[in-house]
Amino acid sequence: MRVGAAIKPFELSNDAAYAEVLAEEFNLVTPEYSAKWGPLQPSPDVWNFDELDLLVETAVANGQDFKGHTLVWYYDVPKWAQGLGAAELQAALDSHIETTVTRYADRIWAWDVVNEAVADGLSGNEAPIDRLRDNIFVQRLGPGYIGDAFRRAREADADALLAYNDYDIIGPGPKSDAVYELMVQLLAEGVPVDVIGFQTHLSVERYPGPDVIRANFQLSLIHISEPTRQAEIS
C-alpha cells in the first residue's frame, strides 16, 4: 500500500524534521507546484528543473515512488504559450511533455498526464464535446488534445503509469459519468490511460460512504486493462 504526501522544495530544504518525517512515514511523494508547465518553462527557451530535480532525487534516495503532477492543466499554461496559435501551441505542448517526461524516465513512477479536463456543473444531457472544460486546449487544439498528450507521454517513457486526474468524481453524478465515458472512449481508441485519479477533497461534514466509493472504483476498473489498471485517490 502506498501512502503519499504532496511536497514543496522549500520545506524539504529548510526543515530537517519535515524531511525526516517525510522519509520515514511516506512511500510515495508528489510535488505541489514544481512539475507544472508554468514553473518548469517560464519562457520558450528557459527550463527550470532545479526544484523538481531536488524532489525526485530525494525520493529516489529515500526509496519512495514519485508521482509527477501534472503535465497538461488548463489552469497553469505559461503566459508565453497562451498567445500561440494552434500549430505553435501543439508544438510547445509536445516539447514540454517530451522534454519533461524523458528527463525523469525510470525515476518517476507515474504521471498525471491530463488534469481536470471535464467541465463542472453538467446536467448529463450534454454532447460529448460540451462535457469537456472550455479551455485553451479545446479551443485551439480540439478535444483530441487529451489522447495526443497521453500518446506523447508514452513515447517519452514506456514504463511510467499514465493517469487522468479529476475532482468531484468520487461519487456518482453527471461529472463522474462524463469522465467514465471519456475514459471508455480513449481506451477504445488505443490511448494509453493506465490510471484514473479520483482527486478527493473530504471533510468530516462532507464525504461519500465507502460503498459509494467502492462502486465508482469498480466501474472504472471494468475498462482499465491489466496489468496496470488502477483507481487511485489523490
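Guide: What follows goes through those topics in turn.
Guide: This is a predicted model, where local features need pLDDT of at least 70, side-chain atom pairs count only at pLDDT 80 or more, and totals for chains, interfaces and linings use all residues. Residues are numbered from 1 along each chain as its sequence is written, and side-chain values use heavy atoms, with hydrogens and water left out.

Visitor: Which way do the side chains of strand β2 point?
Guide: In β2 (residues 28-31), L28 and T30 point one way, V29 and P31 the other way, and all are buried. Strands (E, at least two residues) and helices (H or I, at least four) are DSSP runs numbered from the N terminus. Buried is under 20% relative accessible area, exposed over 50%, and partly exposed in between, with a 1.4 Å probe and protein chains only.

Visitor: In what sense does β2 pair with β1?
Guide: β1 (residues 4-7) and β2 pair in the parallel sense, over four bridges; two strands pair if DSSP finds at least two bridges between them. I7 stands opposite P31 in β2.

Visitor: And how many bridges between β2 and β3?
Guide: Two, with β2 and β3 (residues 65-73) also paired in the parallel sense. There V29 stands opposite F66.

Visitor: Switching to rings. How many aromatic pairs?
Guide: A search of the whole structure finds seven. One of them is W47 with F49, stacked at 5.6 Å centre to centre and 5 degrees between the planes. Phe, Tyr and Trp (six-membered ring) pair if the centres lie within 6.5 Å; planes under 30 degrees apart are stacked, over 60 edge-to-face, the rest tilted.

Visitor: What sits over the ring of Y167?
Guide: The charged end of K175, 3.6 Å from the ring centre. The criterion is NZ of Lys or CZ of Arg within 6 Å of the centre and within 35 degrees of the ring normal.

Visitor: Now the backbone. Which peptide bond is cis?
Guide: The one from H69 to T70, with omega near 0 degrees. T70 is in strand β3.

Visitor: What about phi of D106?
Guide: Phi of D106 is near 75 degrees, a positive value in a residue other than glycine. D106 lies in the loop between α6 (86-103) and β4 (110-115) and is exposed at 68% relative accessibility.
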